[in-house]
Amino acid sequence: MKRKLMSLLSVTMLALSLVACGSSTSGDGDSATEVDVNRVRVVIGSTSTGGDTYQNADAISRFLEEPLGTNMKVDAVGANRAFDELASAKNDGSTVLFFHDMAYLSVEYGTLDEKYSLENWTAGPIVAINPGNAFLAKSDAPYNTMAESAEWLKDNPSESITVAIEAGGVSEIIFDGYYLWVKEEYGTEVSDRIKVYVTGSQSDKDQALWDGNADIIHGAIASNVQYTEDGVEDQIKMKFLGVTSAERVEGYDIPTFAEQGIKVNGKEFTFAKEYFFLLPKDIDEDFLNKLDKAAAEVAKDAKYAEDLEVNSYYVNYIPAAEAKEYLIEKKNTMKSIIENAPKLDDITSN
C-alpha cells in the first residue's frame, strides 16, 4: 500500500497521501527534464551493497535514468567519504549524495562534524521510506517483545541485556527511545542493566548476536526476516521483538513499539527511516529542478513502488522545496531524546 508516513518522534505519525507534486513529463527523453551531465555519480553513506541504503539508491537511480536522460552509478563509499565527496563536488549535479536519517543524526550525535549539518547542503527530494526498523533476539530468548525484555530484567535482578547498535545513526536513536522508556517506567535499577555493543553494518550486528556478544540487535524486516523463517537452523534463528513504525508493517505479525506501550515524554515512540538526496549548497538550480521533476514522475510509477515493496519499503515523495524544512523539523524533535540519552561510552559492553 502506498502511503506517506510522517516519522516525527514526538507525535503520533500523520498519514499523508502520496501526491506527485509538480508537473511531470512523459519520460521519453523530453529535453525539459534531461540534465546536462551524461553521468551522475550517486555516493551513499554506506559501504554495503546489500543493505537498505544501497537497495533504495539503486532503485531510484534506475528509475531516474530515463526521465533525466543520463546514466547513474551508485557508489557505496561510507558516510565520512560520501560527505567529503559532496563537499568537493561540482555544482552541475555530476556527484550527489543519497542517504537516510543517519545523515543528520550522525551530526547530532557528534560522530560527524558540524560542517556536514543539513543546513550546509541543498536538500533534494525525499523519495522512499522504510517502516521496518526493528529489534531482534535469538529465537529462544526468554522474552518475545521489547516491553517483555524490560519486564524480564525487572524479574531477574542479577541479569543484564546487551543491545548491538551502530553509533550515531538510526539504531542509536531507536535504542535511546527504548532505554529512556525503561528508565522512566522501571527506574535505574533496571535501565542500568541495559548495555550496548557498538558495531557496524547489519551483518556485524547479526554476528554479534550469534557470537553471544549481544542479546538483542537492531535490524530490519528486509534484511533479517530470512533468519526468522521456519527451517532456519537453531543456532542462527531469530525472532522480531518489535518494529518502530506507527502501524504494523503489512504482511508481518510484528508488534509496534506503540502497541507495547513504549513512550518517550509521554508520547508514543515511533520512527521510520526516510531516504533522500543531498546536493552541494550551490547546486545548479536547473539540475535541482530536473531531478525533483523526475523524482515526482518516478513516484507515480507503479513499477517503482513494486520494486520497493519487495523489501517492505514504500514510495514517499516529498518535493525538494519542502524536504529541508521537513528534515530539520524531524531532526529537532529528536534532540530531546539525544540530549537525555546515556553516552555510549558509559553503557558499552565492548
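Q: At what angle to strand β10 does helix α7 (residues 202-211) run?
A: Helix α7 lies across β7, β8, β9, β10 and β11, where contact means heavy atoms within 4.5 Å, and helices (H or I, at least four residues) and strands (E, at least two) are DSSP runs numbered from the N terminus. The model is predicted, with local features needing pLDDT of at least 70 and side-chain atom pairs counting only at pLDDT 80 or more, while totals for chains, interfaces and linings use all residues. Residues are numbered from 1 along each chain as its sequence is written, and side-chain values use heavy atoms, leaving out hydrogens and water. With axes fitted as lines to C-alpha atoms (for helices over the stretch in contact) and angles running from 0 to 180 degrees between N-to-C directions, the helix runs to β10 at about 145°.

Q: Which strands stand at the edges of the open sheet?
A: Five strands make up this open sheet, with mixed pairing, in the order β9-β8-β10-β7-β11, where two strands pair if DSSP finds at least two bridges between them. Neighbouring strands here are turned against each other by 35° on average, direction ignored. Two strands each have a single partner, so one side of each is left without a neighbour in the sheet, and these are β9 (194-199) and β11 (238-243).

Q: Which residue of β10 is the bridge partner of Phe 135?
A: Strand β7 (residues 133-138) and β10 run antiparallel and are joined by five bridges. Within this pairing, Phe 135 has as its partner in β10 the residue His 218.

Q: Which residue of β10 stands opposite Val 163?
A: Strand β8 (residues 161-166) pairs with β10 in the parallel sense, over two bridges. Val 163 has opposite it, in β10, the residue Ile 216.

Q: How many of the residues of strand β10 (residues 216-220) are buried?
A: In a regular strand the side chains alternate between the two faces of the sheet. In β10 both faces are covered, with Ile 216, His 218 and Ala 220 on one side and Ile 217 and Gly 219 on the other, all of them buried; buried means under 20% relative accessible area, exposed over 50% and partly exposed in between, with a 1.4 Å probe and protein chains only. The strand is therefore described as mostly covered, the count of buried residues being five of its five.

Q: How many salt bridges does the structure hold?
A: Side chains of opposite charge can pair when their charged atoms come close. A salt bridge is counted for a side-chain nitrogen of Lys or Arg within 4 Å of a carboxyl oxygen of Asp or Glu, and the structure holds 15.

Q: How far apart are the closest N and O atoms of Glu 274 and Lys 330?
A: Glu 274 lies in strand β14 (residues 273-279) and Lys 330 in helix α11 (residues 320-340), so the pair ties together parts that are 56 residues apart in sequence. Both residues are buried, and in their salt bridge the closest N and O atoms are apart by 2.7 Å.

Q: What is the relative accessibility of Lys 290, the salt-bridge partner of Asp 286?
A: The two side chains meet at 3.0 Å, N to O, and both residues lie in helix α9 (residues 285-299), four residues apart, about one turn of the helix. Asp 286 is partly exposed, with a relative accessible area of 34%, whereas Lys 290 counts as buried, its relative accessibility being 10%.
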